[in-house]
2 protein chains.
Amino acid sequence: MEGDSISRKKASFWKALFTPQSVALVGASKDAKKWGFNLLFNIVKGGYPGRIYPINPKESEILGFKAYPSIVQVPEPVDTAILVVPSSDMPKIIQECGRNGTKVGVVITAGFGEVDRKGKNVEEEMVALARSLGMRLVGPNCQGIVSTWNSSLYAHMPPQFPPTGPLGVVSQSGNLATSLIEAGRQLGIGFSRIISSGNEADLQTPDFLEFLTEDPKTEVILSYLEGLKDGRKFFQTARKVSAKKPFLMVKAGQTEAGVKAAFSHTGALAGSAGLFSGLCRQRGIIQAETIEEMVDMAAALAAQPLPRGRRVGVVTLGGGWGVLAADFCSQAGLIVEALNPRMIRELDGVLPPWWNRMNPVDMVTGYRKGDLLTSMELFLKSNRFDGVLLLGLGWRAWRGGFLKSWSVTAEDGMEAAGQDWIEEEGRIFADLQELGCKYDKPILLASDVIQHTPGYEMAVRQRRVAAYSSLPRAVRAYRGLVERYEFLKRVRGK
Amino acid sequence: MEGDSISRKKASFWKALFTPQSVALVGASKDAKKWGFNLLFNIVKGGYPGRIYPINPKESEILGFKAYPSIVQVPEPVDTAILVVPSSDMPKIIQECGRNGTKVGVVITAGFGEVDRKGKNVEEEMVALARSLGMRLVGPNCQGIVSTWNSSLYAHMPPQFPPTGPLGVVSQSGNLATSLIEAGRQLGIGFSRIISSGNEADLQTPDFLEFLTEDPKTEVILSYLEGLKDGRKFFQTARKVSAKKPFLMVKAGQTEAGVKAAFSHTGALAGSAGLFSGLCRQRGIIQAETIEEMVDMAAALAAQPLPRGRRVGVVTLGGGWGVLAADFCSQAGLIVEALNPRMIRELDGVLPPWWNRMNPVDMVTGYRKGDLLTSMELFLKSNRFDGVLLLGLGWRAWRGGFLKSWSVTAEDGMEAAGQDWIEEEGRIFADLQELGCKYDKPILLASDVIQHTPGYEMAVRQRRVAAYSSLPRAVRAYRGLVERYEFLKRVRGK
């Protein structure tokens with residue numbers, strides 16, 4: 001009974017936070033240089049469909065919205081209040097939120113527990129007060145939250161408006177949330193929720209993880225962690241998270257210097273890196289070294305089936321890429337399995353006589369559509385291989401684009417040749433997506449100019465491909481798929 | 001006497017290859033899909049100022065240039081002939097080049113020693129023949145060469161026209177030369193010479209290294225190596241190279257899988273990775289793991305003074321970046337040295353009361369120009385620190401750009417605020433460059449949006465800054481500076 005009541009309460013404040021009917025901005029400003037302006041502006045610009053209440057005792061209107069002297073005067077209990085007033089005013093403001101009936105407060109303001117003991121005291125006072133008033137808090141010292149569905153709420157500091165998508169984020173650093181959103185933008189992948197959790201005085205990473213795990217819009221969970229207030233709770237939660245969804249993490253404070261810096265940043269106490277990594281592996285948390293790497297892995301997990309083992313086939317449209325791929329794959333613990341005589345015979349039938357007769361299969365520069373797809377399909381249908389890396393798609397379409405743009409007369413044949421190349425690569429790209437579906441094995445693409453392949457953007461948006469601008473990035477993302485598969489196999493015994 | 005004659009001969013064929021008065025393209029084509037067209041087109045499009053001779057027995061003119069049935073008919077001995085005829089025709093063509101008096105042949109065609117014994121025989125025959133005719137060869141199985149000064153020669157397969165700049169490249173893979181040029185384009189840095197050396201049947205990596213070492217236009221040397229025909233010669237040359245210029249390398253074939261792939265690609269025999277790396281360190285070769293990393297390091301070496309040690313100061317405009325920087329620096333062997341009490345006191349005088357009082361110095365989000373430059377200068381003038389990383393510059397100008405573009409009326413103040421931010425960041429950026437010069441210590445910048453900083457492109461082109469789109473990239477580049485310093489210190493004893 002009690003558990004039920006807690007669940008209902010939780011469901012209610014998650015709803016208030018991620019699909020609020022109304023949002024107040026306490027500390028709203030008309031000064032375009034202040035965060036009190038930028039936060040409000042981002043909410044408006046982001047197309048938030050609910051009711052917006054700027055709170056500022058000195059203004060009657062901000063950005064066209066009626067301003068209220070205090071949240072107490074707002075004519076309804078607000079679901080979420082974004083708080084940007086100075087830290088010393090925060091207890092008074094929380095009191096007023098309580099009188100309004102506010103459900104959740106997002107405390108942007110810094111200058112609490114991360115600074116000194118005095119700040120820590122104010123932080124603790126604020127949380128106790130909020131709880132006594134039935135209110136939950138995000139932050140303080142955070143960047144805000146984004147919820148792209150079904151609310152379109154961009155209540156955070158940077159002018160970033162990522163589209164809706166499968167990635168759910170909880171980050172103890174606002175800057176790194178910003179970097180993460182930018183990395184997603186560059187890959188063309190969207191987000192469900194982004195939570196900058198700051199000092200986590202009240203709601204902590206495990207709470208947000210619980211929400212994201214149950215959230216139907218979140219398919220892959222990404223986290224940036226500096227430290228834990230309650231390690232036991234975290235790893236208990238982690239077990240539930242990773243049983244259900246891929247769970248990725250960048251852990252700061254891996255070195256002595258990093259631990260010190262983390263403490264001064266969010267007051268987090270980081271522990272032994274080795275011990276922590278061991279626990280992560282056990283609980284199915286996939287650790288990434290960098291933010292970019294984490295987003296790369298997440299994009300693969302969101303778009304491709306899992307390989308059922310480590311044996312990878314490599315098809316390359318240029319020899320050097322293949323050589324480095326063999327190195328990178330081996331270094332990442334993947335197995336560049338040898339072709340068997342039957343595969344070699346089959347490829348002898350389609351490839352030019354000088355083909356290299358090994359994995360990686362080097363198509364050299366003169367590949368034709370049929371050669372390439374046949375090579376890919378041989379890997380996909382063979383039970384010797386669990387997935388394929390394709391290197392160099394995009395260069396021909398890219399060259400085609402130049403030829404077309406440089407064509408002077410129809411007689412020079414450049415426009416027609418360029419168009420042919422572009423179209424051929426578009427057909428290869430479409431056929432590859434079909435092949436991947438047919439065999440239910442992952443295909444990861446790497447090429448400096450992959451984005452020139454016709455249909456690329458749409459395919460990425462629809463999560464039909466995982467494609468990277470460099471070989472090491474693709475290999476590392478592939479490694480993420482393998483880690484996920486091996487974890488599931490271990491816990492599910494299949 | 002004999003040495004002199006060899007030197008003169010070498011000087012003469014280098015001149016023919018990198019600043020040719022005339023170029024022939026043997027196997028020129030009117031078919032826009034053929035390399036015989038694209039190579040010729042790239043030479044023309046690249047603005048080559050010398051005489052161009054397309055060779056094709058079936059055409060009278062190609063791209064407006066008179067075509068010759070064979071190079072024998074060309075009215076002058078050509079400096080460099082680019083050869084794209086089938087491998088079986090190559091001995092005949094080399095004969096004809098000899099009759100013409102051609103100085104250097106660049107053999108693009110594949111299908112030689114990398115395929116089988118028979119190909120190897122043709123390759124050896126071709127080299128013996130060329131040498132007997134006083135001609136030197138680049139390739140076969142290569143992508144061509146680029147020489148941006150003072151010839152503007154883009155005699156290579158891809159439609160890439162990198163601007164002139166400090167990087168000289170020798171690559172045993174054409175694709176990786178292409179990737180390298182693209183990485184340089186993204187960083188905004190140019191190239192002096194780019195040599196795709198392929199199978200190296202005649203001229204080998206050590207030959208090109210000798211040239212690049214003496215070449216006044218080349219300041220940093222980058223190489224991609226799959227294997228060596230003569231390891232002793234290579235490491236003897238390497239000693240001379242790295243004594244004079246920074247010498248960077250990506251070595252393929254670091255794993256068993258990579259070794260096999262390298263052999264099938266260019267017929268190269270790769271040796272033990274550990275032994276090789278040890279020799280590289282000893283000879284001052286800086287090894288990079290990826291092409292991107294190599295170009296990042298080269299850009300830093302071309303633009304910044306060397307740090308005189310490993311102690312690095314970090315100034316960050318966001319806490320999370322600082323925490324990760326501390327980790328990445330430590331992992332890369334850099335020392336995130338502590339501030340001393342005097343530095344803390346000095347910073348207390350300029351930074352807001354809540355500053356974190358440690359290295360990395362976190363400016364939080366509310367930094368002002370004075371605070372930032374004072375913090376930077378404290379590190380630069382302190383003998384406790386050898387260089388500085390600055391994280392997060394660019395975000396404010398980036399936000400300023402959005403504010404400006406979203407401004408509706410002058411009253412909303414967004415345009416003015418946005419403009420202020422942009423201008424302020426531009427001033428910081430300019431002042432930083434001055435500071436770096438004043439103290440002769442490296443400053444490396446990292447930020448996802450650094451390119452939004454006003455003056456960025458010009459500063460990069462003029463090599464006054466080294467700036468990276470992510471923190472790990474900047475740290476790795478910084479590490480390259482340290483490796484260079486420590487090598488020079490070891491050999492010069494200073």
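Mentor: Let's begin with a pair of helices in chain B: Thr205(B), Pro206(B), Leu209(B), Glu210(B) and Thr213(B) of H6(B) meet Lys233(B), Phe234(B), Thr237(B), Lys240(B), Val241(B) and Lys244(B) of H7(B). By class, this contact of H6(B) with H7(B) has 4 nonpolar, 3 polar and 4 charged residues. Do keep in mind as we go that this is a predicted model.

Trainee: How do I describe the way two helices pack?

Mentor: In our case, helix H6 (residues 205-214) of chain B and helix H7 (residues 231-244) of chain B pack at about 15°, and their axes are 9 Å apart. Angles under 35 degrees count as roughly parallel, so H6(B) is roughly parallel to H7(B). The crossing of H6(B) and H7(B) is left-handed.

Trainee: Which residues of H13(B) and H15(B) make the contact?

Mentor: From H13(B) come Lys369(B), Leu372(B), Leu373(B), Met376(B), Glu377(B), Leu380(B) and Lys381(B). H15(B) contributes Glu424(B), Arg427(B), Ile428(B), Asp431(B), Leu432(B), Leu435(B) and Tyr439(B). Sorted by class, the contact of H13(B) with H15(B) has 8 nonpolar, no polar and 6 charged residues.

Trainee: Now one from chain A. Are H14(A) and H15(A) roughly parallel or roughly antiparallel?

Mentor: Start with the numbers again: helix H14 (residues 395-406) of chain A and helix H15 (residues 414-439) of chain A pack at an angle of about 155°, with their axes 7 Å apart. Angles over 145 degrees count as roughly antiparallel, so H14(A) is roughly antiparallel to H15(A). Their crossing, H14(A) with H15(A), is left-handed. Among the residues that meet are Arg396(A), Leu403(A) and Trp406(A) in H14(A), and Met414(A), Trp421(A) and Glu425(A) in H15(A). The contact of H14(A) with H15(A) divides into 7 nonpolar, 4 polar and 5 charged residues.

Trainee: What about the backbone? What should I look for there?

Mentor: The general idea is that most residues other than glycine have a negative phi, and most peptide bonds are trans. Exceptions are worth a look. A cis peptide bond joins Gly139(B) and Pro140(B), with omega about 0°. Pro140(B) sits in the loop between strand E7 (136-138) and strand E8 (144-147) of chain B. Another cis peptide bond joins Trp149(B) and Asn150(B), where omega is about -10°. Asn150(B) is in the loop between E8 and strand E9 (153-156) of chain B.

Trainee: And where does Arg357(A) lie?

Mentor: Arg357(A) is in the loop between helix H12 (341-348) and strand E16 (361-362) of chain A. Its phi is the feature to read: for Arg357(A) the value is near 55°, which is positive in a residue other than glycine.

Trainee: Let's step back. How is chain A divided?

Mentor: The domain assignment of chain A gives domain 1 (1-140), domain 2 (162-303) and domain 3 (305-492). The centres of domain 1 of chain A and domain 3 of chain A are separated by 49 Å, taken over C-alpha atoms.

Trainee: How many residues does each chain give to the contact between chains A and B?

Mentor: Interface size is often given as the accessible area lost when the parts come together. Here we can count residues: 61 come from chain B and 61 from chain A. On the side of chain B that touches chain A, H11(B) gives the largest share, 11 residues. By class, that side of chain B has 27 nonpolar, 21 polar and 13 charged residues.

Conventions:
Residues numbered from 1 in each chain as written. Chains lettered and ligands numbered in written order. Predicted model: local features only at pLDDT ≥ 70, side-chain atom pairs only at ≥ 80, totals over all residues. Domains from an automatic or database assignment. Contact = placed C-beta atoms within 7 Å. Helix = DSSP H or I, 4+ residues; strand = E, 2+ residues; numbered from the N terminus. Nonpolar A, V, L, I, M, F, W, Y, C, P; charged D, E, K, R; others polar. Axes fitted to C-alpha atoms, helices over the stretch in contact; angles between N-to-C directions. Parallel < 35°, antiparallel > 145°, perpendicular 65-115°, else oblique. Left-handed = near helix turned anticlockwise from the far one by under 90°.
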